[in-house]
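Student: I've got a new model to look through. Could you walk me through it?
Tutor: Happy to; here it is.

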Amino acid sequence: MNLKKILIAPFVFLVRVYQVAISPLTPAACRYSPTCSQYTVEALKKHGIIKGGWLAIKRIASCHPWGGSGYDPVP
């Protein structure tokens, strides 16, 4: 297992816990496809903890009624 996978594993785990335990209990509210949680996991796996984390933070911050919407894949 390489260092990148080891560093992102706890964050991916936390997102997966959210997806399984918390998200089903709340109404669907994400304005994007893929959802913000899916986007976060993809960004972390593709870009690592620093850039992927920054992309995830920017995406989550824009997910509100006055923000963007639609298809927005990980760059």
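Student: Let's start with the largest nonpolar core: which residues make it up?
Tutor: Five residues in all: I8, V12, V15, V41 and L44. A nonpolar core here is a set of buried Ala, Val, Leu, Ile, Met, Phe, Trp, Tyr and Cys residues joined through side-chain atoms within 4.5 Å. Buried means under 20% relative accessible area, exposed over 50%, and partly exposed in between, with a 1.4 Å probe and protein chains only.

Student: And which elements give two or more residues to this core?
Tutor: Those are α1 and α2. The most comes from α1, with three residues. In general, nonpolar side chains tend to be buried together in soluble globular proteins.

Student: How are the model and its numbering to be read?
Tutor: This is a predicted model, in which local features need pLDDT of at least 70 and side-chain atom pairs count only at pLDDT 80 or more, while totals for chains, interfaces and linings use all residues. Residues are numbered from 1 along each chain as its sequence is written, and side-chain values use heavy atoms, with hydrogens and water left out.

Student: Which residues are buried in α1, and what covers them?
Tutor: I8, V12 and V15 are buried in α1. The cover over the buried residues of α1 includes α2, residues 36-61.

Student: What's the overall run of elements, from the N terminus on?
Tutor: They run α-β-α-β, and the secondary structure comes to two helices and two strands. Helices (H or I, at least four residues) and strands (E, at least two) are DSSP runs, numbered from the N terminus.

Student: How far apart are the end C-alpha atoms of α1?
Tutor: They are 29 Å apart, which agrees with the 28 Å that the 20 residues of α1 (residues 3-22) should span at 1.5 Å a residue. The expected span is 1.5 Å times one less than the number of residues in the helix.

Student: Where is the kink in α1?
Tutor: At A9, shortly before the proline P10, and it is about 40°. The bend at a residue is the angle between axes fitted to the seven residues ending there and the seven starting there. A9 is partly exposed, with a relative accessible area of 35%.

Student: What about α2: how far apart are its ends?
Tutor: The end C-alpha atoms of α2 are only 10 Å apart, although the helix has 26 residues. A straight helix would reach 38 Å at 1.5 Å a residue. There is a bend of about 140° in α2, at G48.

Student: Is I57 buried or exposed?
Tutor: Exposed, because its relative accessible area is 53%.

Student: Changing topic: where does P34 lie, and what joins it to S33?
Tutor: P34 lies in the loop between β1 (32-33) and α2. A cis peptide bond joins S33 and P34, with omega about -5°.

Student: And S62, where does that lie?
Tutor: S62 lies in the loop between α2 and β2 (70-71). At 23% relative accessibility, S62 counts as partly exposed. Leaving out residues up to four places away in sequence, S62 touches Y32, G67 and G68.

Terms used. Contact = heavy atoms within 4.5 Å.
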